[in-house]
Amino acid sequence: MLVNFKGDIEEPADRQAIEAVTAACAKLGLAYVVSVHPTMFAKVDMPNKSTLDFAQLLPDALALVTRPSTTVYEAIACGIPVVLFPLVSPMVEFDRPMGAFKPTLSEHDLVEDIRAAVRARPTYFEQSRDFLNANLSIDPKVPASQRIANALIDIYDR
């Protein structure tokens, strides 16, 4: 399991969320690695914190537990199932998962949601394709900078 921690470890809710995820992994008997955002790396002192970059850790993951972020897209592209936790506001495109993931509403649901994600791994890329197609535009005729500008304009206009 890969746990992506992007919160503030000094914030009680963020600390509780990461502890809930690691406890759920332990309850399932799943080894886990914690990927910490570079801005928080020095502050987070916990077991299984990796010094490797997220992109290096992702290919070997059974599943990814993360809050809404671009890491969701990276995982989907690699066929790694996603468990979205903790939820943050605004959810933007993550409030319409289209079968790509199940937003975990509480820490009580984590064990079952992680178990389901791991089981879904063999067919995960296919089941998440609609989400990728709806949220990413990779038109080779449009330069990447224009695609980014269009996405930002769309977010701004919401």
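A residue is called buried here when its relative accessible area is under 20%, exposed when over 50%, and partly exposed in between (1.4 Å probe, protein chains only). The views below come from a predicted model, in which local features need pLDDT of at least 70, side-chain atom pairs count only at pLDDT 80 or more, and totals for chains, interfaces and linings use all residues. Residues are numbered from 1 along each chain as its sequence is written, and side-chain values use heavy atoms, with hydrogens and water left out.

**View 1. Ser69, a buried loop residue.**
Let us start with Ser69, which counts as buried because its relative accessible area is 10%. Ser69 sits in the loop between strand S3 (64-66) and helix H3 (71-77); helices (H or I, at least four residues) and strands (E, at least two) are DSSP runs, numbered from the N terminus. The side chains of Ser69 and Thr71 are joined by a polar contact of 2.6 Å. Such a contact is a pair of N or O atoms within 3.5 Å; within protein, one must be able to donate a hydrogen and the other to accept it, and residues adjacent in sequence count only if both atoms are side-chain atoms. Leaving out residues up to four places away in sequence, Ser69 touches Asn4, Lys6 and Phe94, where contact means heavy atoms within 4.5 Å.

**View 2. The largest nonpolar core.**
In soluble globular proteins, nonpolar side chains tend to be buried together. A nonpolar core is a set of buried Ala, Val, Leu, Ile, Met, Phe, Trp, Tyr and Cys residues joined through side-chain atoms within 4.5 Å. Which members of the largest one touch the most other members? Of its 25 residues, they are Met1, Val34, Leu110 and Ile114. Strand S1 (2-5), helix H1 (12-28), strand S2 (33-36) and helix H4 (110-120) each supply at least two residues of this core, and H1 gives the most, with six. Apart from this core lies another, of 20 residues, including Leu2, Val82, Tyr124 and Leu132.

**View 3. The buried side of helix H4.**
Take a look at H4, whose buried residues are Leu110, Val111, Asp113, Ile114, Ala117 and Ala120. These buried residues pack against H1, S3, strand S4 (82-84), strand S5 (101-103) and helix H5 (124-135). An α-helix has 3.6 residues a turn, so residues three or four places apart point the same way.

A search of the whole structure finds one cavity of 30 Å³ or more, and the largest cavity holds about 100 Å³ of space. Of its 14 lining residues, the closest to the centre are Asn4, Phe5, Ala17, Phe85 and Pro86. On a 1 Å grid over the protein atoms alone, a cavity is a set of points where a 1.4 Å probe fits but cannot get out, and a pocket is an open set with protein on both sides within 12 Å along at least five of seven lines; lining residues have an atom within 4 Å of a point. Grid points are joined across faces, edges and corners, and a volume is the space filled by probe spheres set on the points. H1 provides the largest share of the cavity lining, four residues. By class, this lining has eight nonpolar, three polar and three charged residues; Ala, Val, Leu, Ile, Met, Phe, Trp, Tyr, Cys and Pro count as nonpolar, Asp, Glu, Lys and Arg as charged, and the others, Gly among them, as polar. The peptide bond from Phe85 to Pro86 is cis, with omega near -5 degrees, and Pro86 lies in the loop between S4 and S5.

Most residues other than glycine have a negative phi, and most peptide bonds are trans. Val92, in the loop between S4 and S5, has a positive phi of about 50 degrees although it is not a glycine. Met98 likewise lies in the loop between S4 and S5 and has a positive phi of about 50 degrees. Pro97 is buried, with a relative accessible area of 18%, and touches Pro103 and Phe131, not counting residues up to four places away in sequence.
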